[in-house]
Amino acid sequence: MNLYGMTLEGLQALAAKLDMPRYRGEQIARWLYSGHFDSIDGMTNLSRADRGRLKEVAEIRVSAPVEERVSADGTKKYAFLTDGGDVVEAAMIPDGDRRTLCLSSQVGCRVGCRFCATGAMRLRGNLSAGEILNQYRSIPERDQITNIVYMGMGEPLDNLPAVVDSARLFTAPTGYGLSTRRVTLSTVGKPEPLARFLDRCDVRLAISLHTPFEEERRGLIPGTRGYDLAELMQMLRRRAREDSRRVSFEYVMLKGINDSLRHADATANLVRGMRTRVNLIPFHPWEGNEMEPSSSAQIERFRARIEARGVAATVRRSRGLDIDAACGLLATQHPATTGGTPATTGERRTSADRHPA
Ligand code: SAH
Ligand code: SF4
């Protein structure tokens, strides 16, 4: 079993099972997370006997990136091997004093959004909590990271247990101790798993909206066919009254599809009254996808229209365009999964810049 990625509760239960004092759980958590230790032998406040018992049943599995690419604007993209031999990516986006880490929760995704390269590769597997956290732990910029966003490959709510454990470990005092305001989960927002997530984690929320119209949304985001947008909005409004959590909305700007002023008006109506913000994301085309990005002029008109209706709206700046690998693309071509030679993504140009800076 892998100790890395286990929560305090899990470690305490393991300690009890191995006939160790319960406080061993917290000691181990501190070595793993604040101490960044990757060896059981190094846990010097555990008795030799306890270390021996631990080593019989457990190990600490963390892994350095297998590939790294750097953009002219400083954005970095890291690829990691999963236990199952797949590849996942994380992006580190520097912006002034901020260092935002965008990480993956799955290999591929089954939601199937029409504009998303990760969606096109379908779901290959879930990451464990350890594999999610490792994308933070094992990069050279770790200690400078100011913000963490679950905006890489995968739909986090489709991998709920591992995502909950990882989000809790990012923010727990016995984990990495980051502020809950610095961690954001991005999701298409299925009400039922979302409610369970919100009950268990205090981090911020970004809802991928992409259109205010129900039927159209089901077309763009096929994985939302099983629930109503109205139901989701109702739940978000109820929750917003109950806690002070920040919720924002993401909206990929697709030319001629969802970028009309009619869309802007309906979007403003949908979210008005919530303490929120709409983040407009320029679409990044990829080979095999016919959609086109909205012009900057149209994005600006759209933004201004939403603001004129009393809702804050921003345009996400594109980052890392020259490292031509959208989240998901590199992984589909990686030697570990294709058996081929190490490939770069060649002509494909897209979006490390899906990620907010
Ligand atoms: N599955 C989650 C989180 C990962 S996707 C979600 O959908 O929210 C993170 C963001 O990247 C989403 O808002 C998604 O719509 C956006 N995105 C996906 N493909 C994109 C592309 N080709 N260009 C720009 N943004 C894209
Ligand atoms: Fe999955 Fe998010 Fe891509 Fe949609 S945008 S296919 S939910 S990763």
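Axes are lines fitted to C-alpha atoms, for helices over the stretch in contact, and angles run from 0 to 180 degrees between N-to-C directions; helices (H or I, at least four residues) are DSSP runs numbered from the N terminus. The model is predicted, with local features requiring pLDDT of at least 70, side-chain atom pairs counting only at pLDDT 80 or more, and totals for chains, interfaces and linings using all residues. Residues are numbered from 1 along each chain as its sequence is written, chains are lettered from A and ligands numbered from 1 in the order in which they are written, and side-chain values use heavy atoms, with hydrogens and water left out.

The axes of helix 1 (residues 8–17) and helix 2 (residues 24–32) cross at roughly 130° and come within 7 Å. The two helices are therefore oblique to each other, a term for angles that are not under 35 degrees (roughly parallel), over 145 (roughly antiparallel) or 65 to 115 (roughly perpendicular). In their contact (heavy atoms within 4.5 Å), L8, L11, Q12 and A15 of helix 1 meet R24, G25, E26, I28, A29 and L32 of helix 2. These residues divide into 6 nonpolar, 2 polar and 2 charged, where Ala, Val, Leu, Ile, Met, Phe, Trp, Tyr, Cys and Pro count as nonpolar, Asp, Glu, Lys and Arg as charged, and the others, Gly among them, as polar.

Helix 9 (residues 229–242) packs with helix 10 (residues 261–271) at an angle of about 45°, their axes lying 10 Å apart, which makes helix 9 oblique to helix 10. L229, M233 and R237 of helix 9 meet N269, L270 and V271 of helix 10.

Around ligand 2 (a heavy atom within 4 Å) are C109, V111, G112, C113, C116, G119, G154, E155 and V188, a shell of 5 nonpolar, 3 polar and 1 charged residues.
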